Amino acid sequence: MRIIGVTVTYGDRHAYCLDAVAAFFRNGIDEVVVISNGSSHRSLAALRASERTDPRLTVLHTEDNRGSAPAFAEGLCEALAREAEWVWILDDDNIPEDNALAEALHLVRSQPDPTLVAVSCVRDTDESHALLLSGVSPDAAFPPPGAFFGVDVLRRTRVARPPERSMREECIRLPQAPYGGLLLSRQAVEVCGLPRADFVLYFDDVEYTRRLVASGVILILAPGARIHDQGQKWADHRGRTYLDAMIMSADKRKIYYSYRNSTVTDWSRATSKRAKLRFAANWISYLAYVLVKSRLRNAWFSFLFIRAAIDAVRYSTSAPTRTPGETP
């Protein structure tokens, strides 16, 4: 079984990335492809130095940071071009435990059709994974259709305990997963296609893994495959909430894509009339909350920018995606 690892790095993060590469190899990966997405000169030099000393490592570099979706699409294409039967994706700051890949593969082999399976490793920073491992059902661990940006007013007003599942279940079916720790077969990529390059960054992994499931791929969580995050999410800084960090951020590009992509993804899930009404209620409630927060923070421009991004409901959800044989 030929397995190739793929990761994407950027900026000045070579120390994180090389730790992830080492963890790939400790897990028995055959080759690793690193997409250097606008890395600094210092980081690129460090990556190139490692590439020269280890023939199993390939570094592909672009001068500009194009975002995660185009970069992961390029990584998947490169892995398939190198005859990968399976591709294991890590974020550049992920450190899987040394048995993570073996645990994921064990779960793959237990499935009736292993070729149409994708496995998500357990991330120690993923709240949904923590809920699932505590016994909560996937329906309760993930936002329902009609939720907006993870918020569902109807669910929050209910006092009933979230439904639980049997802790004896080894296979936990997922509706979505992050890129980091995602193991997928060549056939799964060929059936589903590639991440949407027009999403650029943020929620592109949600859109892609939900599309995997819609394409007939079984997405499951591997409880014994653990991944630790070295880095910190850009919005999780100094104890602030995600919304606080977004409002005060000077990086309007990140704010825009985060809200635009989540809106497109959430709206596309609201297929019934009831779900659309639920989405509208959650959208209005969230906007009111953002307005109050923006006023308290004296950050009116951020509110207007977020409001404009949320208007992306009109954004087309049918933009074409590349097939695995095409060059990103």
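Q: Why are α11 and α12 called roughly antiparallel to each other?
A: Helix α11 (residues 252-269) and helix α12 (residues 273-296) pack at an angle of about 155°, with their axes 11 Å apart. Axes are lines fitted to C-alpha atoms, for helices over the stretch in contact, and angles run from 0 to 180 degrees between N-to-C directions. Angles under 35 degrees count as roughly parallel, over 145 as roughly antiparallel, 65 to 115 as roughly perpendicular and the rest as oblique. The two helices, α11 and α12, are therefore roughly antiparallel.

Q: What is the basis of the model and of its numbering?
A: The model is predicted, and local features need pLDDT of at least 70, side-chain atom pairs count only at pLDDT 80 or more, while totals for chains, interfaces and linings use all residues. Residues are numbered from 1 along each chain as its sequence is written, and side-chain values use heavy atoms, with hydrogens and water left out.

Q: Which residues of α11 and α12 meet?
A: From α11, Y259, T263, D266 and W267 meet K276, F279 and Y286 of α12, where contact means heavy atoms within 4.5 Å. By class, this contact of α11 with α12 has 4 nonpolar, 1 polar and 2 charged residues. Here Ala, Val, Leu, Ile, Met, Phe, Trp, Tyr, Cys and Pro count as nonpolar, Asp, Glu, Lys and Arg as charged, and the others, Gly among them, as polar.

Q: How many helices and strands are in the protein chain?
A: The protein chain has 13 helices and 9 strands. Helices (H or I, at least four residues) and strands (E, at least two) are DSSP runs, numbered from the N terminus.

Q: Why are the buried residues of α4 said to line one face of the helix?
A: In helix α4 (residues 100-109), the buried residues are A100, L101, A104, L105, L107 and V108. Buried means under 20% relative accessible area, exposed over 50%, and partly exposed in between (1.4 Å probe, protein chains only). Seen down the axis of α4, these residues fall within an arc of 155°, so they line one face; the arc is that of the directions from the helix axis to the C-beta atoms. Their cover includes β1 (3-11), β4 (86-91), β5 (94-96), β6 (117-123), β8 (182-185) and β9 (218-229).

Q: What makes L221 count as buried?
A: L221 lies in strand β9. Its relative accessibility is 0%, so L221 counts as buried. L221 and C121 are 100 residues apart in sequence, yet 6.1 Å apart in space, C-alpha to C-alpha.

Q: Is E83 buried or exposed, and how do you know?
A: E83 has a relative accessible area of 53% and is therefore exposed. The loop between α3 and β4 holds E83. Phi of E83 is near 65°, a positive value in a residue other than glycine. Most residues other than glycine have a negative phi.

Q: Is F149 buried or exposed, and how do you know?
A: With a relative accessible area of 14%, F149 is buried. This residue, F149, is found in the loop between α6 (138-141) and α7 (153-157), and phi of F149 is near 55°, also positive.

Q: What makes A22 count as partly exposed?
A: A22 is placed in helix α1 (residues 14-26). At 32% relative accessibility, A22 counts as partly exposed.

Q: Which residues touch the most other members of the largest nonpolar core?
A: A nonpolar core is a set of buried Ala, Val, Leu, Ile, Met, Phe, Trp, Tyr and Cys residues joined through side-chain atoms within 4.5 Å. Of the 37 residues in the largest one, V87, I89, L174, L184, Y208 and L212 touch the most other members. Helix α3 (residues 68-81) gives the largest share of this core, 7 residues. Apart from it lies another core, of 29 residues, among them L101, L107, I220 and A222.
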